[in-house]
Amino acid sequence: MIYLDNASSAPVNPKALAAAMPFLTENFANPSSVHTPGRAASAALDKAREQCAAALGTLPEEIFFTSGGTESDNMAVFSALGINGRRKIITSAIEHPAVLNACAELSRRGFDVVRIMPDGDGIVRSEYVAAAIDDKTAMVSVMTANNEIGTLQPIAEIGALCRERGVYFHTDAVQAVGSIPLDMRKLPVDMLSVSAHKIGGIKGAGLLYVRKGSPVLPLIVGGGQERGIRSGTENVAAIAALGAAIADITADITRRAEKITRLRNLLIERLEMIPNSRLNGSRTLRICSNVNFSFGNIDGEALVMSLDLMGVCVSTASACSAGKQRRSHVLTALGLSENWLDGTVRLTLSENNTEKDILAAADIIAECTARQRSG
Ligand code: PLP
């Protein structure tokens, strides 16, 4: 099998699995319990928090563990409700549904929601955001890297202008962690979402970074875990795995990104040889692992299925819209015509892919598109 769907879920890192195992076997205790195994579980949460903080350049107390990227995004966006007197949120038209649908809920609760359109390369330009900010704006939420087309957004610029205008800035960095360095000591970001299963951790864990002093509201109330911000018994095994995964993926980010970039460029080069094809999203401002291609006169869903039969795993747009037969809101926002929209596949790489995989996958894609076009 050639797995090119790492943006949907990446393989579990063996170090993350090893970090999780004790809490699925001999130490099943609740981290709130005061006995010895309970304290050991609690110490594992402390260790993971320190690993996440070190990886992101934050204080440990600025890390709140959640059930994943969706919850982190929801928690950040709904925190706009706590900013008194301000009832406007600015986001982009190409956010993940976890942000877009949270914003839609704010709209139902009386918020003015502005969705900034990207340019044709899939970049949300900071000047468009600047023009939308006014004194009613509570928060701006623009992702660090897009999950469908991998485009990197100018979050340093957007964060700086938010800070200038006294507006909180959230960024969904689910697809960016491990691809680019993210240092909260340098970036003017107030809140940042991370998901474990995209970076070698286990599904069902994530974190929200909240800069000290930024307003954050709990989505889930109960026993007061995570300093009252996220109640519910912690997913100790998955959190321990998240700590190990983020430490590992950020430790040698340059070497890793260079390796994956080389494979990605090779894949782009090969797919461009297929007639009537196009790369979607900026060629340069994109994470190392993403290739998003459209093929004219091709049914993308059928292509994904025929590739699966040939042992190549890819998605159409993203795992969440795949299978729903809905056109991608991201590619639509880029202004793609229907012919391109319907013939799109997303191929996302990891360090586990080899040059041999990439060349074989490109040949199989060429064969499947030719077969579909002639049939
Ligand atoms: N944000 C982005 C950019 C994503 O790609 C995803 C997952 O596809 C999410 C949020 C949701 O993360 P999770 O699956 O951990 O809820």
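Strands β10 and β12 run antiparallel in this predicted model, and five bridges join them. The β12 stretch itself covers residues 344–348.

Now turn to β9, residues 277–279, which also pairs with β10 in the antiparallel sense, this time over three bridges. Here the contact to pick out is R278, whose bridge partner in β10 is S294.

So how enclosed is β10, the strand at residues 290–295? Six of its six residues are buried, so the strand is largely enclosed by the rest of the structure. In a regular strand the side chains alternate between the two faces of the sheet. You can follow that here: N290, N292 and S294 point one way from β10, while V291, F293 and F295 point the other way.

On to the cysteines. How many disulfides are there? With a cut-off of 2.5 Å between cysteine sulfur atoms, the count comes to zero. Take C288: its nearest cysteine sulfur belongs to C52 and lies 20 Å away, and C288 is in no disulfide. C288 counts as buried because its relative accessibility is 6%, under the 20% limit. C313 is in no disulfide either, with the sulfur of C368, the nearest cysteine sulfur, 13 Å away. At 18% relative accessibility, C313 also falls under that 20% limit, so it counts as buried too.

Conventions. Residues are numbered from 1 along each chain as its sequence is written. This is a predicted model: local features need pLDDT of at least 70, side-chain atom pairs count only at pLDDT 80 or more; totals for chains, interfaces and linings use all residues. Side-chain values use heavy atoms; hydrogens and water are left out. Buried means under 20% relative accessible area, exposed over 50%, partly exposed in between (1.4 Å probe, protein chains only). Helices (H or I, at least four residues) and strands (E, at least two) are DSSP runs, numbered from the N terminus. Two strands pair if DSSP finds at least two bridges between them.
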